Amino acid sequence: MTAKMRLKISKSAKLFSQALDVMPGGATSNARLWQTAQFCPIYTPCTIFAKRAYGSHIWDVDGNKYIDYRLGFGPIILGHSYPSVRNAIHAAEKRGTVYALDNELELNVAKKIIDMVPSAQMVRFSVTGTEATMHAIRLARAYTKKNVILKFEGHYHGNHDYVLFSTSPPYNTKIRPYPESLGIPPGIEKLVIVETFNNFESIERTVKARHRQIAAIILEPIMGNAAAIMPKPGYLKFLRELCDRYDILLIFDEVKTGFRVSRGGAQELYKVKPDITTLGKSMSNGYPVSAIAGQREIMEFFGPGVHHVTHGGTYAGNPHVLTAAEATLDVLKDRRIYTRLSRYGTRLMGGIRETLEDTGIKAIVQGHPNMFQYVLTNNRTEINNYRELKTNYGIDMYSKIQYWLLTQGVMLDEDSQECWYTCLSHSLDEDLEETLNAFRIAVERSKNSKFRTSRFKLETDRATKQVKA
Ligand SMILES: Cc1ncc(COP(=O)(O)O)c(C=O)c1O
């Protein structure tokens with residue numbers, strides 16, 4: 001097989017140039033701009049413009065076809081445009097999109113979540129993961145009558161002010177709540193404590209000293225926004241016990257892990273029940289719906305009456321997205337799906353590990369088969385927290401590999417902190433083989449050939465200029 005050398009990007013570059021005039025930064029989400037790394041040619045002022053996606057593949061406007069491992073930052077668990085979900089949505093379209101009245105679907109989907117997620121006794125729906133964590137934190141504050149939340153470096157919980165701290169902070173300074181955006185009012189950081197994931201001693205010390213203020217510990221049980229760092233054995237159980245001892249609520253943000261790492265999420269995998277769980281992404285195979293689930297006694301604070309914690313939203317629990325959730329969970333309730341998913345991911349992780357070893361590149365391939373990442377490192381055998389990750393990542397090499405993977409028809413995120421996500425539509429024969437072949441070519445090319453950044457950069461700059469002129 002002859003390896004393709006170049007990626008066609010002229011149409012994307014042209015559209016990007018136009019987008020710069022109408023959208024700040026040329027994109028709707030800062031996270032979609034491929035600019036994290038300094039080196040890869042694709043980090044010219046460009047984002048790839050997608051045209052369509054089906055099954056395990058995504059196509060861009062230049063006609064490139066890729067096996068997709070970004071899967072919309074994780075939600076596509078079944079495959080793009082999955083037939084049973086798509087058909088259910090088509091039928092639902094005829095029944096209207098928003099009622100502002102209760103509907104039976106809410107009941108059905110809530111029951112499914114309660115059946116599948118071990119700690120869920122009651123459920124409320126929102127639209128995004130951001131809203132879910134915002135409401136979960138408000139609920140925890142109301143229930144405990146305390147205000148501070150403890151979160152971890154490198155954990156992302158959406159983009160509201162209370163959690164937008166230390167998701168990707170500088171890593172050579174003292175640990176503190178580091179605001180990730182301008183516009184967060186000063187003072188909010190006083191309500192946030194940031195700790196190091198997997199560091200039992202330090203967390204215990206902090207909680208012991210501050211427990212009278214701490215309403216909740218919120219975490220991603222597997223670090224889906226930091227190269228899939230896993231919890232150490234016993235760590236989640238330790239957090240559970242710590243919370244029980246000090247009357248603190250434990251919130252698992254399972255927006256990424258929920259319905260992905262197992263039928264019941266990370267809490268099922270690790271057999272630890274949080275007080276509140278936030279869900280989204282894989283719950284609906286890509287439609288905008290999220291959920292807050294938890295113990296009855298806590299969740300009832302959302303209702304009317306003496307406790308009264310506000311929660312709602314025009315689009316919360318609308319029949320359109322809940323139709324997608326119902327159809328998705330109908331597939332995911334079958335545990336065999338997860339055996340199939342894990343088989344693919346395990347082989348993929350194994351193949352990636354083998355190629356990196358064969359080519360003499362030191363790396364750790366870590367995470368869960370359904371969401372994992374490789375970390376290029378010379379001096380570690382395991383990565384347990386954000387700082388260990390950041391001080392080890394061979395970012396240039398990652399960027400090169402990502403670029404050459406694109407040329408070979410495999411799409412991986414440009415951000416090395418993101419994960420490889422797998423879906424039910426990835427085929428154990430073709431997709432797996434193609435990906436592993438592409439990975440070998442990409443690694444060899446990144447290692448051996450001179451990477452002509454300037455040529456690609458010039459190419460994109462030229463295309464951008466031509467449109468501007
Ligand atoms: C763990 C986690 N929580 C919350 C969110 C926010 O979800 P959304 O983008 O739907 O607001 C994300 C998004 O990636 C996430 O990864």
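Guide: Around the ligand there are 15 residues, and Thr-128, Gly-129, Thr-130, Gly-158 and Val-255 come nearest; a residue is near a molecule if its C-beta atom, placed from the backbone, lies within 6 Å of it. This is a predicted model, in which local features need pLDDT of at least 70 and side-chain atom pairs count only at pLDDT 80 or more, while totals for chains, interfaces and linings use all residues. Residues are numbered from 1 along each chain as its sequence is written.

By class, the shell around the ligand has nine polar, three nonpolar and three charged residues. Here Ala, Val, Leu, Ile, Met, Phe, Trp, Tyr, Cys and Pro count as nonpolar, Asp, Glu, Lys and Arg as charged, and the others, Gly among them, as polar. Helix α4 gives the largest share of this shell, three residues. Helices (H or I, at least four residues) and strands (E, at least two) are DSSP runs, numbered from the N terminus.

Helix α4 (residues 129-144) packs on a sheet, where it touches β4, β5, β7, β8 (249-253), β9 (276-279) and β10. Contact between two residues means that their C-beta atoms, placed from the backbone, lie within 7 Å. The direction of α4 makes about 165° with that of β9; axes are lines fitted to C-alpha atoms, for helices over the stretch in contact, and angles run from 0 to 180 degrees between N-to-C directions.

That sheet is open and mixed in its pairing, with seven strands in the order β4-β10-β9-β8-β7-β5-β6. Strands pair if DSSP finds at least two bridges between them. The edges are held by β4 (122-126) and β6 (192-195), each with a single partner strand, so one side of each has no neighbour in the sheet. On average, neighbouring strands are turned by 20° against each other, direction ignored. Within the sheet, β5 (residues 148-152) and β7 (residues 214-219) pair in the parallel sense over three bridges, and Ile-149 has Ala-216 in β7 as its bridge partner. Another helix, α3 (residues 104-116), also packs on the sheet and touches β4 and β10 (290-294); its direction makes about 120° with that of β4.

Now the wider chain. Its division is into domain 1 (10-69 + 336-468) and domain 2 (83-332), with bounds that come from an automatic or database domain assignment. Their C-alpha centres lie 27 Å apart. In the contact between them, domain 1 takes part with 21 residues and domain 2 with 23 residues. On the domain 1 side, α10 (336-358), β11 (363-368), β12 (371-376) and α11 (386-390) each supply at least two residues. That side divides into nine nonpolar, 10 polar and two charged residues.

Two of these elements, β11 and β12, also belong to an open antiparallel sheet of three strands, in the order β11-β12-β14. Six bridges join β11 to β12, and Gly-367 has Phe-372 in β12 as its bridge partner.
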